[in-house]
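Welcome, and please open your viewer. We will go from one selection to the next, and at each stop you can look for what the text describes.

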Amino acid sequence: MGFHNSTPELKFVCRRNVMLAINIDKSTEQDLQLAVEEAAKLIAKEKLEVIDFSSNVDVSTDPGHYVIFWEISGEVSDEVLTECCNCLDRSFVDGGYVSSRKVDAIGPLELRVVRRGTFQKILDHYLGLGAALSQFKTPRCVGPANNKILQILCDNVTKNYFSTAF
């Protein structure tokens with residue numbers, strides 16, 4: 001970014017291996033964070049919040065699609081969650097993502113709501129592997145190499161919604 005006296009100033013961009021990509025799209029952890037923050041405003045009107053979130057690229061379907069997992073602080077209507085799903089989809093602004101969605105090279109984004117305590121189970125899993133609590137960060141993008149975390153997320157899904165934004 002520049003220098004402070006003779007010391008280089010660095011800008012943190014993202015964690016390694018935290019990118020959603022299916023086709024020509026490249027959605028970063030920051031893109032995901034911004035999309036979640038924007039969609040979470042819709043449930044904030046209900047005095048609720050997203051406790052934690054993660055994501056995955058599901059290529060078991062053709063075309064593949066983004067999956068966002070949300071743990072929410074209370075009950076939200078299907079109508080509001082459907083709008084949250086559409087908002088998430090519209091909030092990914094990477095040109096490759098938008099153009100791929102418009103021509104169906106990437107399928108509709110899927111929002112999966114998980115049970116309360118799901119992200120605690122993920123933390124417990126990592127602590128069981130010897131991770132330090134002070135160093136733990138929720139995985140924002142769960143890749144195929146992290147099957148156990150994906151299994152915990154999928155086993156705790158209570159509702160799912162597909163975007164109709166494109």
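Which residue in β7 is the bridge partner of V67? Select both strands and you will find that V67 pairs with E110 of β7.

Before going on, a word about what you see. This is a predicted model, in which local features need pLDDT of at least 70, side-chain atom pairs count only at pLDDT 80 or more, and totals for chains, interfaces and linings use all residues. Residues are numbered from 1 along each chain as its sequence is written, and side-chain values use heavy atoms, with hydrogens and water left out.

**Stop 1: the whole sheet**

Select β5, β6, β7 and β8. These four strands make an open sheet in the order β5-β6-β7-β8, with mixed pairing. At the edges are β5 and β8, each with a single partner strand, so one side of each has no neighbour in the sheet. On average, neighbouring strands here are turned by 20° against each other, direction ignored; such axes are lines fitted to C-alpha atoms, for helices over the stretch in contact, and angles run from 0 to 180 degrees between N-to-C directions. Strands are DSSP runs (E, at least two residues), as are helices (H or I, at least four), numbered from the N terminus. Two strands pair if DSSP finds at least two bridges between them. Strands of a sheet pair through backbone hydrogen bonds, either parallel or antiparallel.

**Stop 2: strand β7**

Now select residues 110-114. Five of the five residues of β7 are buried, so the strand is largely enclosed by the rest of the structure. Buried means under 20% relative accessible area, exposed over 50%, and partly exposed in between (1.4 Å probe, protein chains only). In a regular strand the side chains alternate between the two faces of the sheet. Look along β7: E110, R112 and V114 point one way, while L111 and V113 point the other way.

**Stop 3: strand β6**

Select residues 65-72. β6 runs parallel to β7, joined by five bridges, and E71 of this region stands opposite V114 in β7. Both faces of β6 are covered: H65, V67, F69 and E71 lie on one side, with Y66, I68, W70 and I72 on the other, and all are buried.

**Stop 4**

Residues 50-58 are β5, which runs antiparallel to β6 with eight bridges. A hairpin of six residues links the two strands.

Which residue of β6 does N56 stand opposite? The residue is V67. Zoom in on N56: is this residue buried or exposed? With 8% relative accessibility, N56 counts as buried. Beyond its neighbours within four places in sequence, N56 is in contact (heavy atoms within 4.5 Å) with residues including L20, V142 and L150. A polar atom of the N56 side chain lies 2.8 Å from the backbone oxygen of V142.

Technical notes. A polar contact is a pair of N or O atoms within 3.5 Å; within protein, one must be able to donate a hydrogen and the other to accept it, and residues adjacent in sequence count only if both atoms are side-chain atoms.
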